[in-house]
Amino acid sequence: MRHLTPIAVLLLGSFLAAFAQTTPDQPKSLAEVARESKKEKKEQAKIILSDDTQQLHKPLIPDVFHGGIDNIDDILKAIDEYKSTHNLQETETVVHLWYDKHDAMLANAIEENRRIEQRERDRQLGYRASDVQPRNQEEYLELQHVELISRRDDLKHKQENGLLSARIQQAFGRVRSQVKSRYGMNIDWFKIRCGNGNCSF
């Protein structure tokens, strides 16, 4: 019994020493906790971009380019490639989705240009966008500067909307013609919107 007591004391001491080493001497500071949390968030937010992830976000049919050279040939090629591995109904569904997206873009561009043209008419008739009256020369010049910037922005947006509208209408015309002649697709829904309703071309 006397021999067991020193052994028990040694074991207890070793255990306490080990426990003391694994237990921190003092709690972590708020700065340390914040740094560790920030590090964990950064590690979780890392996304590895690859060809696979880019393919997931790539549309089946490319969007219409509204700047630079048009990409209508790429659009027609994409439809052909999709049709080669899918039936007519599936192809029509994909083309319809592409159409709906661009028809909404076209409608928005046409409507925005209508609003811009209305503002231009209002300016010509002397209507003011604001009822604020300048109290001095400095405020008058400031209002004139704001009006000049507004006119420049309107002109820029009107030109961009005009180009986008023309590109979409051109793409619609060629796509509509191809899906009808090549695949015999029903195109009753494939209306081409103009400034005043739907075009017949």
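Predicted model: local features only at pLDDT ≥ 70, side-chain atom pairs only at ≥ 80, totals over all residues.

**Stop 1: helix α4**

Select residues 72-83, which make up α4. This twelve-residue helix reaches 17 Å from its first C-alpha to its last, close to the expected 16 Å. Now colour I72, I75, L76, A78, I79 and Y82, the buried residues of α4. Look down the helix axis: those buried residues fall within an arc of 155°, so they line one face of α4.

What does the other side carry? Turn to the face of α4 pointing away from its buried side, and you'll find the exposed residues D73 and K77.

Leave both on screen, as the next stops use them.

**Stop 2: charged pairs**

Side chains of opposite charge can pair when their charged atoms come close. How many salt bridges are there in this model? The count comes to ten. We'll visit some of them.

Start with D103 and R193, whose side chains meet in a salt bridge with an N to O distance of 2.9 Å. D103 sits in α5 and R193 in strand β1 (residues 192-194), so this pair ties together parts that are 90 residues apart in sequence. Is D103 buried or exposed? It's buried, at 12% relative accessible area, while R193 counts as partly exposed at 27%.

**Stop 3: from α5 to α6**

Next, select D154 and R119. Their side chains form a salt bridge, at 2.8 Å from N to O. D154 belongs to α6 and R119 to α5, so the pair links parts 35 residues apart in sequence. D154 is buried, with 6% relative accessibility, and R119 is partly exposed at 34%.

**Stop 4: along α5**

E111 and R115 both lie in α5, four residues apart, or about one turn of the helix. They form a salt bridge in which the closest N and O atoms are 3.9 Å apart. Both partners are partly exposed: E111 has a relative accessibility of 34%, and R115 comes in at 41%.

Together, E111, R114 and R115 are linked in a network of salt bridges.

Conventions. Residues numbered from 1 in each chain as written. Heavy atoms only, no water. Helix = DSSP H or I, 4+ residues; strand = E, 2+ residues; numbered from the N terminus. Expected span 1.5 Å × (residues − 1). Buried < 20%, exposed > 50% of the residue type's maximum accessible area, 1.4 Å probe, protein only. Arc of directions from axis to C-beta. Salt bridge = Lys/Arg side-chain N within 4 Å of Asp/Glu carboxyl O.
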